[in-house]
Amino acid sequence: MAKDRSQRDEYTTPLRRLLLGVVVLCLLAIFLVWRIDSPRVERFRAQVVDRVVPSMEWAMVPVTAVVNLARDFQSYQRLSEQNQELRSELRLMRAWKEAALQLEQENARLLDLNNVRLDPRLTYITGVVMADSGSPFRQSVLLNVGERDGITDGWATMDGIGVVGRISGVGPDTARVILMTDASSAIPATIQPSGQTALITGDNTSAPAVEFLENRELVRPGDRVVTSGDGGVFPGGLLIGQITADPGGRLRVRLSADFERLEFLRVLRYQSAPQIRDPGDIVGPRNPEAALTPSEVGDG
Amino acid sequence: MDSATSQLWSKRVLYLILAALVLFLHLLPLDTKPDRWPFPDLLIALTFAWVLRRPEYVPTLLIAIVMLMADLLLQRPPGLLAALVVLGAAYLRSAAFGMRDSGFISEWSTVAVVITGVFMLNRVILAIVSVQQAALGPVVIQVVLTIAVYPLIVLLSQNALGVRRATVANTNAVGARG
């Protein structure tokens with residue numbers, strides 16, 4: 001035992017302890033800086049991710065492809081069954097297609113009559129999903145487009161059909177999309193046809209919750225949910241999904257976008273998105289600069 | 001002595017490669033649905049297993065760098081979990097000599113306590129500085145899975161990667177070099 005003790009003391013020399021202390025203090029300092037000045041550290045994180053993840057891409061692409069191939073192969077085993085399903089769905093879709101064509105023509109005529117111009121600013125850039133968040137507690141994906149392609153924080157991201165999330169964290173070659181299912185995501189939305197506004201907040205489940213709804217009675221499962229454009233962060237009128245009620249009676253949104261396999265995402269250019277560059281004013285509004293001359297301040 | 005040095009550095013590089021592999025597997029965009037089963041934190045289990053067997057293979061600085069990278073890449077609050085894992089590893093490093101002769105079960109329970117402590121402190125500190133956190137349930141599952149996967153990691157480290165406890169002769173050699 002005595003020998004043990006002496007060995008241990010020899011092992012943890014003061015130098016080692018000093019190193020340990022310095023390392024732990026550095027790490028905690030990084031954490032504190034992150035807590036105080038999050039945007040700056042998040043930008044640093046985006047730079048690190050931008051440097052590291054593309055260098056893994058050569059291995060990531062084939063591995064992902066092989067796994068997806070295996071999954072597809074599993075689904076081949078149910079081929080005849082799926083064929084039946086598809087046939088019946090196709091019959092349904094034909095009817096819908098007729099209806100849609102007629103509506104499209106009618107819509108075009110009406111737009112023409114009203115001389116409506118669709119918003120020309122809403123062009124988009126398509127990116128490929130490179131990596132996911134890597135953690136079961138955060139829902140985000142990494143796209144292979146970034147600052148180089150003009151991507152800015154806050155822009156809306158869609159797959160072909162519905163909203164997927166918003167850009168948060170841009171590196172030179174990559175951009176992170178916080179998915180609508182992430183716990184930190186909240187998107188202002190309008191519920192059609194009642195026109196009620198609500199906040200669609202993610203909670204790490206596949207169906208985000210509907211919150212801050214004024215009048216629940218007007219909303220029924222099956223209603224369409226679209227972005228409202230309130231707050232100016234998101235363009236309005238993008239499809240999010242449909243209202244469902246969970247067993248507890250809480251309203252949720254079944255998302256239209258296919259979250260099962262996100263592969264190609266559209267990033268909508270939307271210039272009015274506000275830029276977040278500083279940690280926000282926690283202590284109160286900033287004093288107006290040069291609004292008062294010193295003499296006036298003296299008077300007050 | 002020279003071969004021992006090359007052995008030491010090759011094992012350190014091996015640790016880095018394994019860490020990169022684990023991060024790589026985490027980042028694969030295979031399933032973007034949120035209802036994923038939380039997976040065990042392999043990096044922490046690997047680090048603790050190696051610290052208890054060959055502390056010189058995983059020096060404090062290396063653990064700090066690897067865990068900080070993991071924090072940054074996996075969207076965790078950067079630095080906090082890394083600091084806690086470094087502290088946990090330091091505790092195990094000092095306890096390793098005492099646990100040398102006791103069996104695997106006692107080692108496993110010590111590691112389980114340290115892993116639980118790391119995750120609990122992480123949650124408590126995040127709560128104190130009021131950072132938004134994941135729900136408790138999946139985190140508990142993750143801790144349990146991490147503890148459950150520890151024996152497998154130990155088995156793999158000992159048999160496939162050759163990270164075994166140093167014998168007395170080896171210890172003396174290390175001491176002489178250090």
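Q: How far apart are the end C-alpha atoms of H2(A), and what span should its 23 residues have?
A: This is a predicted model, so take the numbers as computed from it. At 1.5 Å a residue, the 23 residues of H2(A) should span 33 Å, and its end C-alpha atoms are 32 Å apart, which agrees.

Q: Which residues in H2(A) are buried?
A: Val23(A), Leu27(A), Ile30(A), Phe31(A) and Trp34(A).

Q: And what covers the buried residues of H2(A)?
A: The cover includes H3 of chain A, together with H3 and H4 of chain B.

Q: OK, take H4(B) then. At what angle do the axes of H2(A) and H4(B) cross?
A: Roughly 160°, and the axes come within 7 Å. That makes H2(A) roughly antiparallel to H4(B), because angles over 145 degrees count that way.

Q: Left-handed or right-handed crossing for H2(A) and H4(B)?
A: The crossing of H2(A) and H4(B) is left-handed.

Q: Which residues make that contact?
A: From H2(A) you have Leu20(A), Val23(A), Val24(A), Leu27(A), Leu28(A) and Phe31(A). H4(B) brings Leu80(B), Ala82(B), Ala83(B), Val86(B), Leu87(B) and Ala90(B). By class, the contact of H2(A) with H4(B) has 12 nonpolar residues, no polar ones and no charged ones.

Q: Zooming out, how many residues of chain A are in contact with chain B?
A: 49 residues of chain A, and they touch 41 residues of chain B.

Q: Which elements of chain A supply at least two residues each to that side?
A: Helices H1 (2–11), H2 (14–36) and H3 (38–76), plus strands E1 (124–132) and E2 (140–143), all of chain A. The largest share of the chain A side comes from H3(A), with 12 residues.

Q: How does the side of chain A that touches chain B divide by class?
A: There are 28 nonpolar, 13 polar and eight charged residues on that side of chain A.

Q: How many helices and strands does chain A have?
A: Five helices and 12 strands. Of its 300 residues, 28% are buried. Among contacts in chain A with a separation of 6 or more, 59% come from residues 24 or more positions apart.

Q: What about Phe212(A), what's its phi?
A: Near 55°, a positive value in a residue other than glycine. Phe212(A) is in the loop between strand E8 (209–211) and strand E9 (224–227) of chain A.

Q: Is Phe212(A) buried or exposed?
A: Phe212(A) counts as exposed, because it has 12 C-beta neighbours inside 10 Å.

Q: And Gln75(B), where is that?
A: Gln75(B) is in the loop between helix H3 (60–73) and H4 of chain B. The phi of Gln75(B) is near 65°, again positive in a residue other than glycine. Gln75(B) is buried, because 22 other C-beta atoms lie within 10 Å.

Q: Switching to the helices of chain B. At what angle do the axes of H5(B) and H6(B) cross?
A: Helix H5 (residues 104–128) and helix H6 (residues 136–159) of chain B cross at roughly 150°, with axes that come within 10 Å. That makes H5(B) roughly antiparallel to H6(B). The crossing there is right-handed.

Q: Which residues of H5(B) and H6(B) meet?
A: On H5(B) they are Trp108(B), Val111(B), Ala112(B), Ile115(B), Thr116(B) and Phe119(B). On H6(B) they are Val139(B), Val143(B), Thr146(B), Ile147(B), Tyr150(B) and Pro151(B). By class that contact has 10 nonpolar, two polar and no charged residues.

Q: Which residues in H5(B) are buried?
A: Glu107(B), Val111(B), Val114(B), Ile115(B) and Val118(B). The buried residues of H5(B) pack against helix H2 (42–53), helix H4 (80–99) and H6 of chain B.

Conventions
Residues numbered from 1 in each chain as written. Chains lettered and ligands numbered in written order. Predicted model: local features only at pLDDT ≥ 70, side-chain atom pairs only at ≥ 80, totals over all residues. Axes fitted to C-alpha atoms, helices over the stretch in contact; angles between N-to-C directions. Helix = DSSP H or I, 4+ residues; strand = E, 2+ residues; numbered from the N terminus. Parallel < 35°, antiparallel > 145°, perpendicular 65-115°, else oblique. Left-handed = near helix turned anticlockwise from the far one by under 90°. Contact = placed C-beta atoms within 7 Å. Nonpolar A, V, L, I, M, F, W, Y, C, P; charged D, E, K, R; others polar. Buried ≥ 20, exposed ≤ 12 C-beta atoms within 10 Å, placed from the backbone. Expected span 1.5 Å × (residues − 1).
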